[in-house]
2 protein chains.
Amino acid sequence: VNEQRFLERVRDIVGDAWCRTSAYDRALYRRDASFLNADPLAVVLPGTVGEVRAVVRTCAEAGVPFAPRGAGTGLAGGAVPLPSDRRPISLSLARLDRILSLDPQAAVAEVEPGVVNADLSKAAAAHGLRFAPDPSSQIASTLGGNVATNAGGAHCLAYGVTSAHVLALELVDTGGDLHLLSSLAPETDGYDLRGLTVGSEGTFGLVTRAWLRLLPLPPETRTLLVGFPSVRAACEGVTDIIAAGAMPAACELMDATAIGMVEDYCQPGYPRDAAAVLLLEFEGLPGAVAEGVEAALAAARGRGAQSVSTAEDDQARALLWKGRKSFAGAIAQLVPEYYLHDVVVPRTKLADVMDEILRIVAEHGLTAINVFHAGDGNLHPTLLFDRREPGVFERVTAAGAAIVATAHAAGGVLSGEHGIGIEKRDFMCAVLSEDDLHVQRRLRAAIDPSGLANPGKVLPSPASCGDAPPSLVPEGAWV
Amino acid sequence: VNEQRFLERVRDIVGDAWCRTSAYDRALYRRDASFLNADPLAVVLPGTVGEVRAVVRTCAEAGVPFAPRGAGTGLAGGAVPLPSDRRPISLSLARLDRILSLDPQAAVAEVEPGVVNADLSKAAAAHGLRFAPDPSSQIASTLGGNVATNAGGAHCLAYGVTSAHVLALELVDTGGDLHLLSSLAPETDGYDLRGLTVGSEGTFGLVTRAWLRLLPLPPETRTLLVGFPSVRAACEGVTDIIAAGAMPAACELMDATAIGMVEDYCQPGYPRDAAAVLLLEFEGLPGAVAEGVEAALAAARGRGAQSVSTAEDDQARALLWKGRKSFAGAIAQLVPEYYLHDVVVPRTKLADVMDEILRIVAEHGLTAINVFHAGDGNLHPTLLFDRREPGVFERVTAAGAAIVATAHAAGGVLSGEHGIGIEKRDFMCAVLSEDDLHVQRRLRAAIDPSGLANPGKVLPSPASCGDAPPSLVPEGAWV
């Protein structure tokens with residue numbers, strides 16, 4: 001089947017308006033929010049599950065791969081239409097954007113993949129509920145993408161990342177067949193395909209429906225900002241706070257560079273004299289919140305905490321969070337570009353790994369900002385640069401590779417919430433043995449024997465695991 | 001390779017004392033704690049990971065299957081050496097019983113699979129920590145078995161079942177190769193093989209080491225027993241208590257038969273006039289516990305709760321738990337045998353499903369006791385009988401099959417914590433489509449291409465999914 005005939009068939013299924021091949025449309029769907037990009041054969045936006053199945057069947061017949069896409073906010077190139085033998089179509093699920101049902105008593109929402117994360121919590125709030133995973137991208141990113149990357153968020157410390165909130169999934173496999181993975185009960189029958197599919201980055205097919213767990217809105221919330229004399233003291237404070245049994249709902253660390261930057265940008269009232277702050281939020285029944293705050297403050301003081309501001313009302317709380325949330329906007333005032341990493345280390349290694357990261361950044365002559373989910377050990381060192389400076393992008397990727405290697409050496413993993421995508425793919429050679437990679441490839445082939453679902457993502461080809469150190473920009477992707 | 005030659009090789013590896021073939025030894029390893037049993041080719045007890053690998057390689061060379069075994073407390077026949085083409089060896093990991101390390105600061109224990117569940121919590125208590133999953137079998141069952149079945153327990157309501165507490169696993173595959181699944185960071189690299197292996201019931205190979213998460217011992221614990229006028233009121237109380245945001249650490253329901261039985265047996269002071277009791281335990285910081293208790297009592301009163309006893313000290317708490325924990329011993333005073341089920345339903349369906357179960361039990365002329373993890377929707381209807389009564393076992397298995405079907409129809413699953421094993425294997429035909437079963441089989445073959453790891457468990461053969469309703473006693477297993 002030639003490409004023209006394939007595209008005609010797809011147009012018959014979705015309608016001319018939803019199968020786009022102009023250079024302009026293809027350019028819009030080249031990239032996600034990372035640097036990586038590639039040119040799709042076409043951009044296809046089916047409007048129903050039936051259309052999704054028919055498009056996937058047409059892909060199977062023609063041997064055309066597809067790259068599933070949500071809102072395109074991914075940071076690892078997972079939605080980038082990377083060419084394999086053939087150019088894939090970019091297959092967007094953005095038009096499947098309905099909340100199909102919301103059962104307040106069971107606290108379960110049934111959603112299509114194109115529903116924006118924040119919109120679900122907005123709908124749930126009317127019933128005193130919320131969807132707990134709150135990635136920083138939540139006002140744009142969709143639940144399908146959240147499921148694909150097993151997204152985290154500031155409040156996932158207490159409530160767990162996306163996988164803990166998925167009850168069941170409907171999956172369209174690469175044959176176009178529908179599978180219902182699990183049910184509304186917490187356990188699954190047989191092997192846990194539901195759990196395996198969450199975080200599989202579109203390599204198993206397309207999730208076309210999800211049943212998600214909702215949680216009650218907390219009756220009380222207290223937010224505080226604690227200043228520390230060093231990044232190390234703040235990191236050690238995190239370990240001590242959690243070891244004291246005072247589990248915050250959120251525990252975010254920001255370093256001095258970040259503090260200065262957001263103060264310049266939007267004046268959230270952060271202490272400019274602190275080397276680091278922890279933004280802590282406690283939620284729950286009022287007494288529990290008060291005790292959590294007290295225990296956390298005692299632990300923080302034990303690590304030399306030098307200042308505390310507590311939000312006394314919703315407005316003050318919004319201001320404290322504004323500093324954290326303005327991070328991307330504030331950077332844009334300083335430099336044209338940044339590279340945001342996503343490694344995870346055991347929480348007890350936080351302080352040592354941060355020391356090493358700061359050393360790596362200095363060694364490469366770069367500036368980094370650190371704003372991250374400290375409670376989870378999920379680091380986000382963000383390297384600032386201006387690509388017009390000759391050689392800087394090479395230094396940025398070299399420093400990035402060294403940071404990833406450092407996290408791995410400390411017993412960590414490549415990604416906490418952004419996924420492996422293209423960006424970290426070749427690092428899988430470094431963190432898994434060839435044997436283990438082989439098992440991973442067999443697993444993938446068990447679910448997608450055709451190899452048409454998001455090829456080139458997550459797992460490196462055996463050939464790409466060579467002697468050269470892995471790169472953040474694998475072959476075939478453009479930056 | 002004939003069987004004698006195979007056994008000689010195995011004896012060379014483990015020593016004569018640890019490869020046993022006498023009728024007496026084989027009889028000891030025929031069964032787990034269920035009714036199901038089968039005769040192993042031999043009982044093999046390797047003493048090191050190296051010996052495990054060598055035995056598994058010898059099995060692969062000779063084409064002899066193996067049935068992994070922990071303490072043999074399973075209730076679904078998962079460790080029963082069911083014959084496939086050939087008789088399997090029973091491969092016990094009981095001698096790998098060391099706690100290899102316990103890091104209090106990281107709150108992580110590194111254990112061998114033969115460590116008894118309660119022994120880990122005992123060792124952790126010295127550091128103010130515990131292993132949260134506490135199956136009722138915890139004084140006998142081993143952590144390897146807990147991982148294999150993804151075991152639950154009374155306190156898993158607040159803390160999650162075993163899978164939430166496993167950081168990493170070492171797996172010996174059926175080629176005898178070692179795989180390290182995940183790391184000490186909360187996330188995994190690539191597909192979540194760690195999560196997939198937890199609950200895989202020995203069908204992927206043998207877990208020879210596990211890194212487990214420990215939790216701080218709660219500073220305060222409050223235990224209370226609330227009496228209700230009906231089982232329905234107690235079930236609705238469970239939903240309301242949890243919907244009120246008062247998450248108990250444990251929420252166990254016992255019906256009137258159970259109450260009378262444990263009162264006769266050990267006088268824990270349960271209210272004989274209640275149709276059901278909820279045993280609730282709240283844990284955490286003192287203020288949080290007090291608020292949780294208050295909110296729970298308000299919700300319970302809203303459902304007509306008629307009595308409350310609160311444990312004021314450790315001795316009183318132990319007495320309240322004694323009633324719950326004496327359940328098996330108390331039954332033994334009444335009847336020679338019982339059949340304990342393990343279905344799970346969405347919590348909002350608890351009351352209706354319990355009504356239907358009581359109807360099924362009466363219809364089959366049986367007596368049932370209900371003592372179960374109500375907060376999780378994990379039912380344990382326990383059918384009492386004396387096999388000397390002609391036809392009773394057939395009625396027990398027929399009622400059991402009807403109970404399983406009822407739970408499935410209510411959106412539930414076959415097993416909450418005991419696993420599928422042999423017992424529920426043919427019910428998988430009823431709950432998964434042939435398509436979905438095929439994916440499950442491909443997944444299994446991706447990890448164990450040889451098919452030698454615990455054959456005949458978890459997944460039915462295509463041939464066994466016939467038109468006849470599934471049975472709890474599949475062909476090949478004895479009762």
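Analyst: Start with a loop in chain B. B:Asn150 sits in the loop between helix 5 (143-149) and helix 6 (156-159) of chain B. Its phi is near 50°, a positive value in a residue other than glycine. Bear in mind that this is a predicted model.

User: Why is B:Asn150 called buried?

Analyst: Buried means under 20% relative accessible area. B:Asn150 has 16% relative accessibility, so B:Asn150 counts as buried.

User: Which other residue has a positive phi, and where is that residue found?

Analyst: B:Ala107, with phi near 60°, is another residue other than glycine with a positive value. B:Ala107 is found in the loop between strand 5 (99-103) and strand 6 (108-111) of chain B.

User: What makes B:Ala107 buried or exposed?

Analyst: The relative accessibility of B:Ala107 is 15%, so B:Ala107 counts as buried.

User: Now the cysteines. How do you know that A:Cys429 and A:Cys465 form a disulfide?

Analyst: The cut-off is a pair of cysteine sulfur atoms within 2.5 Å. The sulfur atoms of A:Cys429 and A:Cys465 are 2.0 Å apart, and the pair forms a disulfide. A:Cys429 is in helix 15 of chain A, while A:Cys465 is in the segment after helix 16 of chain A; the two are 36 residues apart, so the pair links distant parts of the chain.

User: Why is the disulfide of A:Cys429 and A:Cys465 called left-handed?

Analyst: The torsion about its S-S bond is about -85°, so the disulfide of A:Cys429 and A:Cys465 is left-handed.

User: What makes A:Cys429 and A:Cys465 partly exposed?

Analyst: Partly exposed lies between the buried limit, under 20%, and the exposed limit, over 50%. A:Cys429 has a relative accessible area of 21%, so A:Cys429 is partly exposed. A:Cys465 has 22%, so A:Cys465 is partly exposed too.

User: How many disulfides does the structure hold over all chains?

Analyst: There are two. B:Cys429 and B:Cys465 form one of them, with sulfur atoms 2.0 Å apart. The torsion about the S-S bond of B:Cys429 and B:Cys465 is about -85°, so this disulfide is left-handed.

User: Turn to the interface. How many residues of chain A and chain B are in contact, and what area is buried?

Analyst: 55 residues of chain A are in contact with 55 residues of chain B. The area buried between chain A and chain B is about 4,600 Å², with 60% from carbon and sulfur atoms. In chain A, A:Glu187, A:Asp189 and A:Tyr191 lose the most area to chain B, together 19% of what that side buries.

User: Which helix gives the largest share of the side of chain A that touches chain B?

Analyst: Helix 16 of chain A, with nine residues. By class, that side has 28 nonpolar, 17 polar and ten charged residues.

Conventions
Residues are numbered from 1 along each chain as its sequence is written. Chains are lettered from A and ligands numbered from 1 in the order in which they are written. This is a predicted model: local features need pLDDT of at least 70, side-chain atom pairs count only at pLDDT 80 or more; totals for chains, interfaces and linings use all residues. Side-chain values use heavy atoms; hydrogens and water are left out. Contact means heavy atoms within 4.5 Å. Buried area is the accessible area (1.4 Å probe) that two parts lose on being put together, summed over both. Helices (H or I, at least four residues) and strands (E, at least two) are DSSP runs, numbered from the N terminus. Ala, Val, Leu, Ile, Met, Phe, Trp, Tyr, Cys and Pro count as nonpolar, Asp, Glu, Lys and Arg as charged, and the others, Gly among them, as polar. Buried means under 20% relative accessible area, exposed over 50%, partly exposed in between (1.4 Å probe, protein chains only).
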